[in-house]
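Subject: a structure for you to look at

Hi,

Here's the structure I said I'd pass on.

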Amino acid sequence: MTETRIVTKRLHDRVDDSWTLDGSLASGGYEVLRAVLARGDAADVQNQVKLSGLRGRGGAGFPTAQKWSFLPPDSFPRYLVVNADEGEPSTFKDRMLLELDPHQLIEGITIASYAVQCSLAFVYVRGEFALGYERLTRAIDDARGQGFLGRNILGSGFDCDIVVHRGAGAYICGEETALLESLEGERGMPRIRPPFPAIEGLYAKPTVVNNVETLSTVPHIMQMGGEEYAKLGVNRSTGTRIFSVSGHVNKPGNYEVELGMSFRDLLYGLAGGIRADRKIKFIIPGGASSQWLTGSDEHLDAPLDMDFVQQTFGVMLGSGAVMVFDETVDPVLVAWRLAKFFAHESCGKCTPCREGTGWVEKVLYRMSHGLGRPQDLDLLVSVGANISPGLVNAPFVQTTICPLGPSAVSCVASINKFFRDEVLERLRNDAGVHA
Ligand SMILES: Cc1cc2nc3c(=O)[nH]c(=O)nc-3n(C[C@H](O)[C@H](O)[C@H](O)COP(=O)(O)O)c2cc1C
Ligand code: SF4
């Protein structure tokens with residue numbers, strides 16, 4: 001079982017200097033940008049990204065070239081905004097890319113900006129990422145000094161610069177429209193859509209928002225060619241993704257793998273299996289927002305394929321964070337901890353999320369602390385369905401402005417689906433109610 005290192009190649013090959021200009025230049029940094037600008041065909045960049053099948057690595061998996069194509073053709077200025085907020089619990093891949101290969105990101109931003117004809121890009125960096133911020137800003141200065149950024153890049157006539165903005169610790173500012181509000185100096189609350197950012201984004205101008213890993217992949221697509229990149233992966237999940245594996249595995253960490261690998265190969269092959277050879281109780285496969293899987297053969301043998309896991313199990317690969325919990329873990333306690341996070345991070349703009357997340361947290365608190373009532377599980381499901389109608393076995397419908405509300409009750413749907421009997425028995429015992 002091996003990784004397929006494309007986006008993470010330099011940081012593994014050059015552990016001593018992968019983040020420096022010298023380290024980058026010595027391993028092919030900015031050569032693709034040079035070639036792209038020399039060719040002078042912005043439409044071809046869009047086309048190669050389209051052929052590659054690249055889908056966003058920030059969570060929703062939206063096709064990148066399609067997102068770029070939504071920009072109205074004659075409306076300028078337009079902006080590229082890079083989402084480096086990485087607040088999804090257990091996701092730690094963008095941080096690694098920022099800290100260990102900022103020049104790769106800068107090259108990706110510049111090529112993408114060229115493709116969409118934008119001359120000013122913004123990077124919104126999670127406030128806590130002190131080292132990432134420091135290395136990124138240093139790298140931008142160094143790149144500017146070499147003519148890879150700024151006016152008339154490499155003599156091509158193309159101008160592009162990057163502004164870095166630090167977040168202030170709010171998870172919701174990773175949601176793209178809240179991020180734009182925050183960039184504009186407003187309180188970070190999601191916008192009602194339409195209009196979508198491609199039409200009216202930052203400063204009411206056409207805007208593309210892309211994730212760090214998404215943009216870091218772009219130079220490699222241009223180097224390999226879109227069709228060649230699309231040969232990697234499976235179905236509509238092309239290429240590689242970095243999975244942040246955490247929890248009770250022997251070797252937690254970031255693994256870049258070809259999509260289509262099974263959960264089993266990722267967790268037992270690359271991540272070294274489960275500590276003390278215990279069994280897996282459950283897996284949260286796509287960041288805290290996702291519904292859960294178990295350690296069953298059916299789930300472990302499933303491919304890392306965004307559409308397959310969604311259609312077959314109703315879960316998402318999301319931000320590529322796989323949390324593993326062994327049989328010693330109480331799923332209700334984990335659900336409570338997640339609910340507490342979402343209740344705290346709800347921005348309060350819409351009622352079902354603002355009110356509902358607080359109630360879900362309170363009920364899960366008492367359930368996980370021996371104070372639950374037999375009816376509490378159904379109560380939770382009912383509150384959850386008011387935030388996310390269709391929570392249990394029905395099509396997804398969103399009553400909230402952004403997906404944070406529905407994400408907050410993924411844990412409720414999951415404990416009801418996989419641990420209902422166990423939880424009900426425990427609630428009856430806690431309440432002293434015996435059949
Ligand atoms: C509550 C919430 C938090 C999010 N946080 C992030 C984040 O930290 N980083 C990120 O790239 N995308 C995040 N997203 C997804 C973004 O809204 C957006 O879809 C993404 O940045 C688009 O980039 P991509 O198409 O390259 O994936 C979040 C979404 C929601 C609803
Ligand atoms: S769903 Fe929650 S976080 Fe999203 S806009 Fe509504 S209140 Fe804010």
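Let's start with Leu154: it is partly exposed, with 16 other C-beta atoms within 10 Å. (Buried means 20 or more other C-beta atoms within 10 Å of a residue's own, exposed means 12 or fewer, and partly exposed is in between; C-beta atoms are placed from the backbone.) Leu154 isn't a glycine, yet its phi is positive, about 50°. You'll find Leu154 in the loop between α8 (130-145) and β3 (161-166). Helices (H or I, at least four residues) and strands (E, at least two) are DSSP runs, numbered from the N terminus.

Before you go further: this is a predicted model, so local features need pLDDT of at least 70 and side-chain atom pairs count only at pLDDT 80 or more, while totals for chains, interfaces and linings use all residues. Residues are numbered from 1 along each chain as its sequence is written, and chains are lettered from A and ligands numbered from 1 in the order in which they are written.

Tyr30 also has a positive phi, near 70°. Tyr30 sits in the loop between α2 (21-25) and α3 (31-39) and is buried, with 24 other C-beta atoms within 10 Å. Most residues other than glycine have a negative phi, and most peptide bonds are trans. Now for the cis ones: Phe76 to Pro77 has omega near -5°, and Pro194 to Pro195 has omega of about 5°.

Next, the domains. The chain is divided into domain 1 (9-231), domain 2 (239-326) and domain 3 (331-429); these bounds come from an automatic or database domain assignment. Ligand 1 lies between domain 1 and domain 3, because both give residues to the shell around it. Of the 23 residues around ligand 1 (C-beta atom, placed from the backbone, within 6 Å of it), Gly56, Gly58, Gly174, Asn211 and Thr214 come nearest. Strand β4 (residues 207-211) gives the most to that shell, with three residues.

Finally, which residue does α19 bend at? At Phe419, by about 95°, the bend being the angle between axes fitted to the seven residues ending there and the seven starting there. Helix α19 (residues 410-431) spans only 26 Å between its end C-alpha atoms, whereas a straight helix of 22 residues would span 32 Å at 1.5 Å a residue (1.5 Å times one less than the number of residues). Phe419 is also one of the buried residues of α19.

Cheers!
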